Amino acid sequence: MNLAKLQMLVFSLLTALVSAAGLAYIFFDPPAYLRATRAGVPYYTPPVANPVDGKPLDLGMLVRHYEGGVAK
């Protein structure tokens, strides 16, 4: 095996190892910015019931309204 093929093999293995380690890190210990929105509302939060009429409301919309943002 010549030197160029050995270098390419080592480079390819290191690239695969770093990629797998990065994916494992994100999968097993996700950073805080991947768990919640900027307003602190967790992703995939179920809707909450409106106490007046029982209709479902988006929790993100409630947070924006509480903070003074425009609720859409």
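Is Asp-29 buried, exposed or partly exposed? Asp-29 is partly exposed, since its relative accessibility is 41%. Here buried means under 20% relative accessible area, exposed means over 50%, and partly exposed is in between (1.4 Å probe, protein chains only).

A word on the model: it is a predicted one, where local features need pLDDT of at least 70, side-chain atom pairs count only at pLDDT 80 or more, and totals for chains, interfaces and linings use all residues. Residues are numbered from 1 along each chain as its sequence is written, and side-chain values use heavy atoms, with hydrogens and water left out.

Back to Asp-29: its side chain meets that of Arg-35 in a salt bridge, at 3.6 Å from N to O. The rule asks for a side-chain nitrogen of Lys or Arg within 4 Å of a carboxyl oxygen of Asp or Glu, and it gives a count of one salt bridge.

Then there's the nonpolar surface patch, about 850 Å², built from Met-1, Leu-3, Leu-6, Leu-9, Val-10, Leu-13, Leu-14 and Leu-17. Patch residues have over 30% relative accessible area and no salt bridge; like charges are joined within 9 Å, nonpolar side chains (Val, Leu, Ile, Met, Phe, Trp, Tyr) within 5 Å. Accessible areas come from the Shrake-Rupley method with a 1.4 Å probe, and for residues only the protein chains shown count as cover.

Leu-6 sits in helix H1, residues 3-28, and Leu-13 is in helix H1 too. Helices are DSSP runs (H or I, at least four residues), numbered from the N terminus.

| Residue | Relative accessible area | Class |
|---|---|---|
| Leu-6 | 40% | partly exposed |
| Leu-13 | 54% | exposed |
| Arg-35 | 43% | partly exposed |

Finally, Leu-13 and Asp-58 are 45 residues apart in sequence, with 46 Å between their C-alpha atoms.

Definitions and conventions: Helices (H or I, at least four residues) and strands (E, at least two) are DSSP runs, numbered from the N terminus.
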